[in-house]
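Here are a few notes to read alongside the model.

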Amino acid sequence: MTTQQQTPSIVEHAAEQLPRSRNFLLGLLETLSDDQLHVRAGGAGNHALWVMGHVAYADDLFVSLFCNEPSCLPEGHTELFINGTTPSDNPADYPDREELLKRMETARTRLIKWAQSLEGDAIWQASPEEIAQIAPDAITAVHTLAQHDFVHGGQIATIRATLGMEPVFA
């Protein structure tokens with residue numbers, strides 16, 4: 001086998017990042033009890049319930065925009081988790097952990113399928129205006145969403161530190 005045959009394509013490489021980054025975030029989330037899911041570091045910022053819904057929202061938004069398809073998430077999801085919303089301190093305002101995990105999985109699976117379908121010029125397809133500032137094209141959008149998990153993973157790590165918990169990945 002030649003080096004060329006062993007080297008993953010740009011699409012394969014990008015698509016492989018999506019489950020890797022999600023597993024990192026899930027590894028942090030699973031260490032929090034249900035009672036800790038609404039804790040915000042220093043009483044400000046995002047809590048885990050919001051992060052869970054927000055990453056599902058972002059995955060769904062990107063695919064919906066690129067494919068010109070409707071959301072795969074339930075009605076009302078966007079309003080709770082869109083950028084700029086302030087998380088409520090009342091956990092009853094949010095779906096429970098299992099529901100949010102299901103939404104995260106549904107949206108990420110859809111994103112991975114879309115990412116794996118990219119080929120030829122579609123890789124460099126310009127992003128829709130709503131997301132072009134943070135991801136100018138399709139392949140960058142895939143990488144951006146993988147990085148997005150790590151950004152919010154940092155927030156979960158900060159919450160864990162606020163709670164006096166030891167690092168998960170040392």
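1. In this predicted model, helix 2 (residues 10–29) and helix 3 (residues 48–67) pack at an angle of about 160 degrees. An angle over 145 degrees counts as roughly antiparallel, and helix 2 and helix 3 are therefore roughly antiparallel to each other. Their axes lie 11 Å apart, and helix 2 passes helix 3 in a left-handed crossing.

2. Which residues form this contact between helix 2 and helix 3? From helix 2 come Arg22, Leu25 and Leu29, which meet Ala48, Val51, Met52, Val55 and Asp59 of helix 3. Sorted by class, that contact has 6 nonpolar and 2 charged residues, with no polar ones.

3. Now turn to helix 6 (residues 138–162), which packs with helix 2 at an angle of about 15 degrees, the axes being 9 Å apart. Since angles under 35 degrees count as roughly parallel, helix 2 and helix 6 are roughly parallel to each other. The crossing of helix 2 past helix 6 is left-handed. In this contact, 16 residues are nonpolar, 6 are polar and 3 are charged.

4. How do helix 3 and helix 6 pack, by angle and axes? The angle is about 175 degrees and the axes are 10 Å apart, which makes helix 3 roughly antiparallel to helix 6. By class, their contact has 12 nonpolar, 4 polar and 2 charged residues.

5. The residue list for helix 3 with helix 6 is worth a look on screen. On the helix 3 side are Ala48, Trp50, Val51, His54, Val55, Ala58, Asp59, Phe62 and Phe66. Facing them in helix 6 are Ala138, Ala141, Leu145, His148, Asp149, His152, Gln155, Ile156 and Ile159.

6. Is Arg108 buried or exposed? Arg108 sits in helix 5 (residues 97–117), and its relative accessibility is 4%, so Arg108 counts as buried. Leaving out residues up to four places away in sequence, Arg108 touches Leu18, Ser21, Arg22, Asp59, Leu145 and Asp149.

7. Two loop residues deserve a check. Leu32, in the loop between helix 2 and helix 3, is buried, with a relative accessible area of 3%. Beyond its neighbours within four places in sequence, Leu32 is in contact with Leu37, Ala48, Arg97, Ile156, Arg160, Leu163 and Met165. Ala92 is 60 residues away from Leu32 in sequence, and their C-alpha atoms are 17 Å apart in space.

8. The other one is Asn68, in the loop between helix 3 and helix 4 (77–81). Asn68 has a positive phi of about 55 degrees although it is not a glycine. With a relative accessibility of 72%, Asn68 counts as exposed, because exposed means over 50%.

9. Finally, the annotation: an unreviewed UniProt entry lists residues 17–156 as "domain: DinB-like". In the model, that span is 56% helix and 0% strand. The C-alpha atoms at the ends of residues 17–156 lie 19 Å apart.

Note on methods. Residues are numbered from 1 along each chain as its sequence is written. This is a predicted model: local features need pLDDT of at least 70, side-chain atom pairs count only at pLDDT 80 or more; totals for chains, interfaces and linings use all residues. Side-chain values use heavy atoms; hydrogens and water are left out. UniProt positions are given in the numbering used here, feature names are shortened, and annotations may be inferred rather than shown by experiment. Helices (H or I, at least four residues) and strands (E, at least two) are DSSP runs, numbered from the N terminus. Axes are lines fitted to C-alpha atoms, for helices over the stretch in contact, and angles run from 0 to 180 degrees between N-to-C directions. Angles under 35 degrees count as roughly parallel, over 145 as roughly antiparallel, 65 to 115 as roughly perpendicular and the rest as oblique. A crossing is left-handed if the near helix is turned anticlockwise from the far one by less than a right angle, and right-handed if clockwise. Ala, Val, Leu, Ile, Met, Phe, Trp, Tyr, Cys and Pro count as nonpolar, Asp, Glu, Lys and Arg as charged, and the others, Gly among them, as polar. Buried means under 20% relative accessible area, exposed over 50%, partly exposed in between (1.4 Å probe, protein chains only). Contact means heavy atoms within 4.5 Å.
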